[in-house]
Amino acid sequence: MSIADQDQVLDNPLSGISTLLDNVLPELSQLLPSLHKIQHELGYVPREAIPIIASKLHTTPAAIYGAITFYSEIRLEPPPETEIAWCSGPACRLKGSENIKRALEAVLDVRMGQKTPDSRLGLRLVQCDGTCEQAPLVRLNGRTMGNLNVSEAIKLGRDLLAGQQA
Ligand code: FES
């Protein structure tokens, strides 16, 4: 993508989406690559982009929406400044991740998948990335914090609320 194209995407995300998809083949096999491309550029896939993607790929908006909601890594909202990604995988669950989730939800006063009202912090469910030896874990803007216990999760949430980098 050229610098001019990048500027267009950032200045006017919706018109830029068509530009982003310029080189994408108009077929359903390009659905996930298209969603990843848009999310890579914008940080999320705006709802308003769904009909544009559907038209480009010769499918329905419902098919696009279904794919977005199926793949947990694709988001429909801008990400929070700091995202706490909670692993929902089996090894983490066996080691008590559900209690960590509850603790973080309680401290931050948000449910999984939500952001604080100021969009500073958010909780997001993610799948196992293969680092199960550190279970149970969360990832803070991609940085793994492993072998967590409930007390540490509460401290993490409080520190983040207080604006302290964990
Ligand atoms: S199950 Fe959580 S990292 Fe594998």
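Helices (H or I, at least four residues) and strands (E, at least two) are taken here as DSSP runs, numbered from the N terminus. On that basis the protein has eight helices and four strands, and the order of its elements from the N terminus is α-α-α-α-α-β-α-α-β-β-β-α. The model is a predicted one: local features need pLDDT of at least 70, side-chain atom pairs count only at pLDDT 80 or more, and totals for chains, interfaces and linings use all residues. Residues are numbered from 1 along each chain as its sequence is written.

**Overall dimensions and burial**

The C-alpha trace spans about 50 × 30 × 25 Å along its principal axes. A residue is called buried if 20 or more other C-beta atoms lie within 10 Å of its own, exposed if 12 or fewer do, and partly exposed in between, with C-beta atoms placed from the backbone. Of the 166 residues in the protein, 25% are buried. Two residues are in contact if their C-beta atoms, placed from the backbone, lie within 7 Å. Among contacts between residues at least 6 apart in sequence, 60% join residues at least 24 apart.

**Nonpolar cores**

In soluble globular proteins, nonpolar side chains tend to be buried together. A nonpolar core is defined as a set of buried Ala, Val, Leu, Ile, Met, Phe, Trp, Tyr and Cys residues joined through C-beta atoms within 7 Å. The largest such core has 18 residues, of which Ile 84, Trp 86, Ile 100, Leu 104, Leu 137, Val 138 and Ala 153 touch the most other members. Two or more residues of this core come from each of strand E1 (82-87), helix H7 (97-108), strand E2 (121-126) and helix H8 (150-161). Another core, of 14 residues, lies apart from it and includes Leu 20, Leu 31, Ile 50 and Ile 52.

Leaving aside neighbours within four places in sequence, Ile 84 is in contact with Leu 104, Leu 121, Gly 122, Leu 123, Val 138 and Leu 140.

**Packing of H7 against H8**

Two packed helices are described by the angle between their axes and the distance between the axes. Axes are lines fitted to C-alpha atoms, for helices over the stretch in contact, and angles run from 0 to 180 degrees between N-to-C directions. The axes of H7 and H8 come within 9 Å and cross at roughly 30°. Angles under 35 degrees count as roughly parallel, over 145 as roughly antiparallel, 65 to 115 as roughly perpendicular and the rest as oblique; H7 and H8 are therefore roughly parallel to each other. The crossing of H7 with H8 is right-handed, a term for a near helix turned clockwise from the far one by less than a right angle.

On the H7 side, the contact involves Asn 99, Ile 100, Ala 103, Leu 104, Val 107 and Leu 108, which meet Val 150, Ala 153, Ile 154, Gly 157, Arg 158 and Leu 161 of H8. These residues divide into nine nonpolar, two polar and one charged, where Ala, Val, Leu, Ile, Met, Phe, Trp, Tyr, Cys and Pro count as nonpolar, Asp, Glu, Lys and Arg as charged, and the others, Gly among them, as polar.

**Individual residues**

| Residue pair | Separation along the chain | C-alpha distance |
|---|---|---|
| Leu 28 and Thr 59 | 31 residues | 7.2 Å |
| Tyr 44 and Gly 89 | 45 residues | 23 Å |
| Ile 38 and Leu 161 | 123 residues | 30 Å |

Leu 28 is placed in the loop between helix H2 (13-20) and helix H3 (31-42). Because Leu 28 has 14 C-beta neighbours inside 10 Å, it counts as partly exposed. Its contacts, leaving aside neighbours within four places in sequence, are with Leu 57 and Thr 59.

Ile 38 lies in helix H3 and counts as buried, with 23 C-beta neighbours inside 10 Å. Not counting residues up to four places away in sequence, Ile 38 touches Ile 17, Leu 20, Val 45 and Ala 49.

Tyr 44 is in the loop between H3 and helix H4 (50-56). With 17 C-beta neighbours inside 10 Å, Tyr 44 counts as partly exposed. Beyond four places in sequence, Tyr 44 touches Gln 39, Arg 75, Leu 76, Glu 77, Pro 78 and Pro 79.

**Backbone features**

The peptide bond from Ala 135 to Pro 136 is cis, with omega near -5°; Pro 136 is in the loop between E2 and strand E3 (138-140). Asp 109, although not a glycine, has a positive phi of about 60° and lies in the loop between H7 and E2. Asn 147, likewise not a glycine, has a positive phi of about 50° and is found in the loop between strand E4 (143-145) and H8. Asp 109 counts as exposed, with 12 C-beta neighbours inside 10 Å, and Asn 147 counts as exposed with 12 C-beta neighbours inside 10 Å.
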